[in-house]
Amino acid sequence: MRQVRRPHEDGPVADGSGNGGETGPGDQTVALDLERLILDAPRKYTPYQAARAADVPMELATRFWRAMGFPDIGQSRALTDGDVIALRRLAGLVESGLLSEPMAIQVARSTGQTTARLAGWQMDTFLDNLTQAVEPGLTRADVAYPLVELLLPELEQFLVYVWRRQLAAVTGRVVQAAEDTEITSGRLAVGFADLVGFTRLSRRLEEEELGELVESFENTCSDLIAGHGGRVVKTLGDEILYVSEDPATAAEIALSLVETLAKEDSMPALRVGMAFGTVTSRMGDVFGTTVNLASRLTSIAPKDAVLVDGELAAALEQNGVVPPSDLTEGAPPEQDGHEHRFHIQPMWRRPVRGLGLVEPWLLSRHVSTD
């Protein structure tokens with residue numbers, strides 16, 4: 001592996017820490033070299049100079065930067081031409097009327113939060129795993145520069161590809177919503193999948209073992225949810241939140257999660273709670289009573305079992321994937337013309353904190369009586 005290239009700038013540069021300190025050329029660090037490589041531009045502007053070059057009021061520029069997750073840096077010379085262009089583009093969207101100022105702030109915040117997590121994960125993974133076995137005479141810092149230099153264009157292109165694919169999928173759902181009153185109403189099936197006894201287990205496992213367990217859980221669940229047509233909203237270590245426009249799809253995901261993880265000897269038991277109803281979506285997350293109910297049902301679900309609320313149970317019956325007699329009096333399963341996939345059984349009514357009296361339904365696979 002070749003030695004690292006370190007393109008030093010002439011003259012002092014700001015350290016970017018927000019304290020306004022400066023370092024001389026002799027104190028250049030690999031972090032600054034990597035920043036120059038990744039940004040493909042030298043540090044050039046103070047925040048005031050960047051805002052002026054972009055023709056954006058300093059107050060608005062500061063709001064944009066904070067929304068993107070960048071710290072206040074005083075008057076350090078730490079910004080580049082790329083920062084000026086980004087400011088100009090955001091302000092231009094507001095000036096053209098395409099976005100209101102609050103919406104532009106939300107765009108900056110959602111993009112910053114999402115990409116910060118992605119960038120953190122990528123660098124933790126690549127730099128940690130790929131620089132462990134460094135060659136004699138080279139430090140991990142020496143290896144980092146050529147490694148990032150090779151990865152950067154590939155990761156950039158892949159990021160754009162995935163973003164466009166995701167944007168196309170979301171746009172399709174929005175267009176479909178115009179024709180589908182069920183989707184227009186904002187009604188979604190919301191599911192929580194939670195590992196049982198995870199806190200207790202985490203005290204017994206070594207840090208590396210715990211990390212492998214969480215990664216295996218997230219990967220298995222994410223792949224299965226995506227494969228069935230659901231959407232992962234977020235993962236919280238031992239818990240994953242997903243949604244689906246189709247109640248039957250959400251039910252299939254829930255049972256498949258339980259069945260799949262039950263085959264893994266190293267994986268704790270799983271419990272899933274689901275609810276169906278109106279959901280508020282914001283910055284990729286979901287909120288509302290339906291989400292809260294799904295979470296509460298998860299907390300009371302038995303091990304390796306799925307609990308659903310009455311709305312989801314009714315939606316499954318309406319879709320013909322459970323026998324009518326599971327909920328109401330009706331035709332025998334063999335005579336109603338549907339292929340039943342699930343069975344639902346009423347459980348005991350119980351008070352749920354903040355939501356009053358709730359009657360959960362136990363979801364399972366349908367077994368034919370033929």
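Analyst: Let's start with Phe158 and Tyr161: they sit 3 residues apart in helix 6 (residues 140-177), so about one helical turn separates them. Helices here are DSSP runs of H or I with at least four residues, strands are E runs of at least two, and both are numbered from the N terminus. Keep in mind that this is a predicted model, where local features need pLDDT of at least 70, side-chain atom pairs count only at pLDDT 80 or more, and totals for chains, interfaces and linings use all residues. Numbering runs from 1 along each chain as its sequence is written, and side-chain values use heavy atoms, leaving out hydrogens and water.

Now the rings. Searching the whole structure turns up 1 aromatic pair, and that's Phe158 with Tyr161, a tilted arrangement with 6.0 Å centre to centre and 40° between the planes. Pairing takes Phe, Tyr or Trp rings (for Trp, the six-membered one) with centres within 6.5 Å; planes under 30 degrees apart are stacked, over 60 edge-to-face, the rest tilted.

As for exposure, Phe158 is exposed because its relative accessible area is 52%, while Tyr161, at 48%, counts as partly exposed. The cut-offs: buried is under 20%, exposed over 50%, partly exposed in between (1.4 Å probe, protein chains only).

For context elsewhere, Glu207 belongs to helix 9 (residues 207-227) and counts as exposed because its relative accessibility is 71%. Lys303 lies in the loop between helix 11 (289-300) and strand 9 (305-308); with a relative accessible area of 61%, Lys303 is exposed too.
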